[in-house]
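Dear colleague,

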Amino acid sequence: MPKGLRLAIKIDVDTERGTRVGVPALVALFREHGVRATFLFSLGPDNTGRALRRIFRPGFFKKVSRTNVVGTYGVRTLLNGVLWPGPHIGKRHADTLRAVRAAGHEVGIHCYDHIRWQDSLATMSPDQVFAEFGKACGEFERIFGASARTAGAAGWQANALSLAAYDVAGLDYGSDARGTHPFFPRANGTVFKTLQIPTTLPTLDELLGRPEYPDSKLTGHYLSLLRGDRPNVLTAHAELEGMAKIAWFRAFLAALKEKGVEVVPTATIAAELQQNPGNIPVCDLADGEVDGRSGTLAVQRCP
């Protein structure tokens with residue numbers, strides 16, 4: 001394995017339960033290993049139960065059967081926003097979120113309402129997109145007393161409108177896409193100024209339950225994907241790596257340390273890139289598919 005490898009780990013926090021249980025567990029785990037990471041929070045109501053409408057998406061049932069959705073999220077979470085109002089994550093768990101920053105981790109925005117953004121962004125008007133992201137920005141500032149510097153969209157859902165909202169918010173960078181290397185995004189013919197640092201590695205839920213990726217080989221597979229010539233970015237989830245698969249994640253972090261792989265927040269990569277912005281390419285951000293995930297999401301496409 002090449003020397004000097006680095007891996008940026010960002011944690012998407014999708015649900016109230018993930019915030020309450022998974023986030024503190026990950027903070028403790030990272031403390032054990034001396035690791036700093038990036039946490040992206042869902043800040044408004046947890047309406048996870050409304051995701052049931054995704055049953056009509058190609059590949060949805062296959063993914064559900066592979067990843068044990070009920071065991072991962074819990075029955076109560078899967079009924080949030082359906083049988084009872086979705087609990088407001090920012091209002092209930094502001095102290096938990098602030099404790100993440102106090103522990104030395106980067107914090108940013110995942111979304112306001114995860115289900116609304118992931119399932120409805122494509123049909124939102126400009127006013128609706130700016131209002132939805134504005135609510136997330138406002139809640140972040142209420143909790144942390146400062147403006148957000150980064151965001152990574154729920155479900156990797158992004159388009160020209162959301163990129164415009166990022167530019168107006170003055171973010172340092174976003175992490176909305178799946179791709180191979182950092183880029184300035186172009187959508188609908190417009191090049192946007194907010195740097196994109198895409199997720200370059202498959203997520204754990206895209207691999208789990210597939211015969212070609214048994215649990216015993218997952219760590220080795222991830223290590224084999226690390227590159228020395230461009231940033232490596234892994235998106236983990238508070239509900240999976242912080243809960244159901246935390247034992248695997250602990251062993252994975254130990255393996256990274258043993259192999260000499262440095263784990264950093266995504267902000268570390270962004271700060272280095274922004275020293276020479278002229279070297280960052282422009283690539284298209286477009287809808288595409290990713291192996292192991294249902295539906296379409298934002299993907300990087302370069303000339």
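**Tryptophan 248 and its surroundings**

Leaving aside the neighbours within four places in sequence, tryptophan 248 is in contact with Leu204, Asp215, Leu218, Thr219, Tyr222 and Glu241. Please keep in mind that this is a predicted model. Tryptophan 248 belongs to helix α13, and it counts as buried because its relative accessible area is 13%, which is under the 20% cut-off.

The axes of helix α11, which covers residues 215-225, and helix α13, which covers residues 246-258, come within 10 Å and cross at roughly 35°, and the crossing is right-handed. On the α11 side the contact is made by Asp215, Leu218, Thr219, Tyr222 and Leu223, while α13 contributes Trp248, Phe252, Ala255 and Leu256. Sorted by class, the residues in this contact are seven nonpolar, one polar and one charged.

**The cavity**

Elsewhere in my notes, the count comes to one cavity of 30 Å³ or more, and the largest cavity holds about 40 Å³ of space. Its lining consists of Ile109, His110, Cys111, Trp117, Phe133, Ala151, Ala153 and Tyr166, to which strand β3, residues 106-111, gives the most, with three residues. By class, the lining of the largest cavity has seven nonpolar residues, one polar residue and no charged ones.

With best wishes

Note on methods: Residues are numbered from 1 along each chain as its sequence is written. This is a predicted model: local features need pLDDT of at least 70, side-chain atom pairs count only at pLDDT 80 or more; totals for chains, interfaces and linings use all residues. Side-chain values use heavy atoms; hydrogens and water are left out. Axes are lines fitted to C-alpha atoms, for helices over the stretch in contact, and angles run from 0 to 180 degrees between N-to-C directions. Helices (H or I, at least four residues) and strands (E, at least two) are DSSP runs, numbered from the N terminus. A crossing is left-handed if the near helix is turned anticlockwise from the far one by less than a right angle, and right-handed if clockwise. Contact means heavy atoms within 4.5 Å. Ala, Val, Leu, Ile, Met, Phe, Trp, Tyr, Cys and Pro count as nonpolar, Asp, Glu, Lys and Arg as charged, and the others, Gly among them, as polar. On a 1 Å grid over the protein atoms alone, a cavity is a set of points where a 1.4 Å probe fits but cannot get out, and a pocket is an open set with protein on both sides within 12 Å along at least five of seven lines; lining residues have an atom within 4 Å of a point. Grid points are joined across faces, edges and corners, and a volume is the space filled by probe spheres set on the points. Buried means under 20% relative accessible area, exposed over 50%, partly exposed in between (1.4 Å probe, protein chains only).
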